[in-house]
Amino acid sequence: MSVGKVFLVGAGPGDPDLLTRRAFDLMHRCDVVCYDKLVSPGILASIPDHVELFEVGYRGYRHCHIDYGMHPEVINFARQGKQVLRLKAGDPCIFGRTTEECRNLQEHGIDYEIVPGITAALGAAAYSGFPLTSAGIASDVTFASGHQGSKSLSSWAALGQSSGTLVLYMGAKKLAQHAERLIGQGRCPTTPVAHISSATCASHTVTKGSLATIGDQVLALDNHAPALVVMGNVVNLVDELSWRQRMPLSGSRVLLCGHYSGLDKLKSSGAEIFKAPEPQLVSFVDQALLTELCQYSALSFADVASVTLWWQGLLAHQWDIRRYSMPISAENPAVAQALKHRGIVVESSSDAGIYNRTVLSAPAGAKRNSCGHGMERCLGSRHYPPMRVELPQVDWLIVEDVAQAKSLLPQLPELANAVIIALNDEAVEWAKSLPNEQLPITTFEAMLELKNEVLDVV
């Protein structure tokens, strides 16, 4: 058996949109992703279901000494001939033990590749609203590890007030100790400090203080989220340049079940978006069924899955789409968009209503021997895998695929208080049947209005 390859990949600070194109590509092509605890749930949730997920590493090392280079399980996967993505928060070459890991891979004769990522310092500062350098304020940056007393801290203190910016990785737990030491070595007690937790995610929090106050401020937070610390005068720019907090859905988490054409609106409004796992499709489409569909006077697709299965059937059986000259319509906007992506502009709902339509669907749990009757035809079946990632509390549940939402509710207590955004009539009726005081809403504008009402109350 040939030996596989290991990719040391930077996952960036947390927001999946900050992944590099190379990282995103490898997340979809590798056999297994070995990730550490600092990688955000949003990134892990975007990894396809056919890729194995395996947790390795330690957050904060759990007060133990690591006496190996690359994690042993990563070595084992590579020896089995697998393509292994070792996913690290931030950048693998910034406090990521890259030297030890690469040497260890060389010792085992395993090829590797390093894929840089946006390091946590850059993401945390940018999403907080201040730069790490600024003309006339800071012209240099020092990255230091806060696990133990570092010479970098003493060097930064010795430079006096003319020094630039200091970024402390893994230093939140000992922040009071580090601040006291810096003051003792000559730094001004009023030096601005920012403690940034859950950088670039919905729970991104900036606690601004000074060397004299930050220790007590962070202690009062009782916040166990991953954090880093930025010291220096650039921190004073946070109030002037902050941009994330002005976005209407900043701090909101959204879980999407199905398809929604307004995702770009949500992202540009500041929401953190999680997508439920794609349904596993079983196709019933064969030559006979394709021939039968050609005989109907009009076709209407009920769900995105039926569009996918029909199109896959056309390609698999080398079927000329021009044989489907009848009017084609869609049951909802998401289905219409799926057809449009394939070059088919559907009939409007008012025009489609005059035809004797045959509705094509792919319901959850359908059997091949019960693939439709009358004016309905079943093209396949949907099966929903469980969520593989533990999610934080979700604020909004967008539902286009009701069966998917039903499959997730029992396993995700994080959805208990989520407001439901129903994208079609079926989703509206399902949401109304739930023991929920909050009635479903149906538009993006209603979502913003409700969010503003909550902010006004707070």
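Predicted model: local features only at pLDDT ≥ 70, side-chain atom pairs only at ≥ 80, totals over all residues.
Residues are numbered from 1 along each chain as its sequence is written, and side-chain values use heavy atoms, with hydrogens and water left out.

Let me start with the overall picture. The secondary structure comes to 17 helices and 20 strands, where helices (H or I, at least four residues) and strands (E, at least two) are DSSP runs numbered from the N terminus. The C-alpha atoms fill a box of roughly 85 × 65 × 40 Å, taken along the principal axes. Of the 458 residues, 48% count as buried, and by buried I mean under 20% relative accessible area, with exposed being over 50% and partly exposed in between, for a 1.4 Å probe and protein chains only. If we take contacts (heavy atoms within 4.5 Å) between residues at least 6 apart in sequence, 67% of them join residues at least 24 apart.

Now to the interior. A nonpolar core here is a set of buried Ala, Val, Leu, Ile, Met, Phe, Trp, Tyr and Cys residues joined through side-chain atoms within 4.5 Å. The largest one has 42 residues, and Leu87, Leu255 and Leu397 touch the most other members. Helix α16, residues 425-432, gives the most to this core, with four residues. Apart from it lies another core, of 26 residues, which includes Leu293, Leu299, Trp310 and Tyr324. Coming back to Leu255, and not counting residues up to four places away in sequence, its contacts include Phe274, Met387, Trp396 and Leu412.

What about the aromatic rings? The structure holds seven aromatic pairs, where rings of Phe, Tyr and Trp (its six-membered ring) pair if their centres lie within 6.5 Å, and planes under 30 degrees apart count as stacked, over 60 as edge-to-face and the rest as tilted. Phe143 and Tyr169 form an edge-to-face pair, at 5.7 Å centre to centre and 65° between the planes. Phe143 lies in strand β6 and Tyr169 in strand β7, so this pair ties together parts that are 26 residues apart in sequence. Phe143 is partly exposed, at 29% relative accessible area, whereas Tyr169 counts as buried because its relative accessibility is 9%. Phe301 and Trp310 form a tilted pair, with 5.1 Å between centres and 50° between the planes, and both of these residues are buried. Ring pairs link Phe301, Trp310, Trp311 and Tyr324 into a cluster.

Next, the second largest pocket. On a 1 Å grid over the protein atoms alone, a pocket is an open set of points with protein on both sides within 12 Å along at least five of seven lines, and lining residues have an atom within 4 Å of a point. This pocket is lined by 39 residues, of which Pro16, Gly42, Ala45, Ser46 and Lys275 lie nearest its centre. Strand β12 gives the largest share of the lining, four residues.

Finally, where is Pro363 placed? Pro363 sits in the loop between β16 (358-361) and β17 (376-378). It counts as partly exposed because its relative accessibility is 30%. Beyond its neighbours within four places in sequence, Pro363 is in contact with Cys378, Gly380, Ser381 and Arg382.

How values were computed
1 Å grid on protein atoms, 1.4 Å probe; cavity = no way out; pocket = protein on both sides within 12 Å on 5 of 7 lines; lining within 4 Å.
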